[in-house]
Amino acid sequence: MNQSDSYYCQPTNYDSSVFLAHRLNDRGAKLLGRGNCEEAITTLVQALKLWEQVADDETCMCKSCSLEECIISTLPKPSNLQQHPSMKSTAFSQSNEDSYGELESEDRFIYKRPIYSSPKFAQRGHSPGITLSLIIILNLAMAHHLSAIQHNHCRKRLQKALQLYELAHQLQMEEEIYSPRATMIIANNVGEIHRAVNNHNKHAMCLQHLLSTMMYMIDCRIPVSSVELEGFFRNTSQLILHNNCASAA
């Protein structure tokens, strides 16, 4: 984990339960990054239950506390891609070095990089509110998804992952906390679940949503690297080719 443990020092008068929820999420994220999905699930469930007990309605709206920024902070720099310490355990695609279960017959991309909470969450005046809930839920969804892969695409675990991804999407819409990167993660991974269980129409719908979000980021000039988009482009490549052929015709 690249983040310093220094922010785990509990601030004066800071509620211990809130502090523990942050720490449990980050511990679960670290376990997920190592491929320990079952331990990650147990820890993240504890984090979510605890946070639900103590969370308030206030959500800090500063950039550092946003869901988008928390996702960005976990991404490797393109120039340091090969040196990134967690690259093998959180690889962008399934490969021979992938520690997350069986290889697919196709080279498919599943986003699996865990999300850490913002260091600012532990500071007075930076209440994480719904943002921490979304981070924990997305980590839980990825943990169940990767656990399903480890267990030969277990349908029960895939269904649980699907429910969690959809819950994260619903919360984003209801709370008007829009993160293009979170939307791409959800659309891509939900699409891969539908592909795994042969729901071809829903898979295609998810890919279309993913492609639309990618185009939105490019059109709005939202900073994004080619490394970050590589896996998403891989999954949508056939859709892009189909659209291009249809336009040419």
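Guide: H6 and H7 are roughly antiparallel to each other. Keep in mind that this is a predicted model.

Visitor: What angle do H6 and H7 pack at, and how far apart are their axes?

Guide: The angle is about 160°, and the axes are 8 Å apart. H6 covers residues 180-196, and H7 covers residues 200-219.

Visitor: Which hand is the crossing of H6 and H7?

Guide: Left-handed. On the H6 side, the contact includes Met184, Ala187, Asn188 and Gly191. On the H7 side, Cys206, Leu210, Met214 and Met217 are among the residues.

Visitor: How many nonpolar, polar and charged residues are in the contact of H6 with H7?

Guide: Nine are nonpolar, seven polar and four charged.

Visitor: You listed Asn188 in that contact. Is Asn188 buried or exposed?

Guide: Asn188 counts as buried, because its relative accessible area is 0% and the cut-off is under 20%. The residue sits in helix H6.

Visitor: What does Asn188 touch, leaving out residues up to four places away in sequence?

Guide: Phe109, Ile110, Tyr111, Leu210, Phe232 and Asn235. Leu210 is also part of the H7 side of the contact with H6.

Visitor: Zoom out for a moment. How many helices and strands does the protein chain have?

Guide: Eight helices and zero strands. From the N terminus on, the elements run α-α-α-α-α-α-α-α.

Visitor: What share of the 249 residues counts as buried?

Guide: 51%.

Visitor: And the contacts between residues at least 6 apart in sequence: what percentage join residues at least 24 apart?

Guide: 70% of them.

Visitor: Back to pairs. How do H4 and H5 pack?

Guide: Their angle is about 160°, with axes 8 Å apart. H4 spans residues 129-150 and H5 spans residues 155-175. The two are therefore roughly antiparallel. H4 passes H5 in a left-handed crossing.

Visitor: Which residues make the contact of H4 with H5?

Guide: From H4, they include Ile130, Leu134, Ile137, Leu138, Ala141 and Ala148. From H5, Leu158, Ala161, Leu164, Ala168 and Leu171 are among them. By class, the contact has 15 nonpolar, four polar and three charged residues.

Visitor: Tell me about Ala148. Buried or exposed?

Guide: Ala148 is buried, because its relative accessibility is 0%. Its place is in helix H4.

Visitor: What does Ala148 touch, not counting residues up to four places away in sequence?

Guide: His153, Cys154, Arg157 and Leu158. Ala148 and Leu158 are ten residues apart along the chain, and their C-alpha atoms are separated by 5.7 Å.

Visitor: Where is His153 found?

Guide: In the loop between H4 and H5. His153 has a positive phi of about 55° although it is not a glycine.

Visitor: How accessible is His153?

Guide: Its relative accessibility is 22%, so His153 counts as partly exposed.

Visitor: Now H2 and H4. What are the angle and axis separation?

Guide: The axes come within 9 Å and cross at roughly 155°. That makes H2 roughly antiparallel to H4. H2, residues 37-54, passes H4 in a left-handed crossing.

Visitor: Which residues of H2 and H4 make that contact?

Guide: H2 supplies residues including Ala40, Ile41, Leu44, Leu48 and Trp51. H4 supplies Leu132, Ile136, Ile137, Leu140 and Ala143, among others. The classes are 14 nonpolar, six polar and one charged.

Methods. Residues numbered from 1 in each chain as written. Predicted model: local features only at pLDDT ≥ 70, side-chain atom pairs only at ≥ 80, totals over all residues. Heavy atoms only, no water. Helix = DSSP H or I, 4+ residues; strand = E, 2+ residues; numbered from the N terminus. Buried < 20%, exposed > 50% of the residue type's maximum accessible area, 1.4 Å probe, protein only. Contact = heavy atoms within 4.5 Å. Axes fitted to C-alpha atoms, helices over the stretch in contact; angles between N-to-C directions. Parallel < 35°, antiparallel > 145°, perpendicular 65-115°, else oblique. Left-handed = near helix turned anticlockwise from the far one by under 90°. Nonpolar A, V, L, I, M, F, W, Y, C, P; charged D, E, K, R; others polar.
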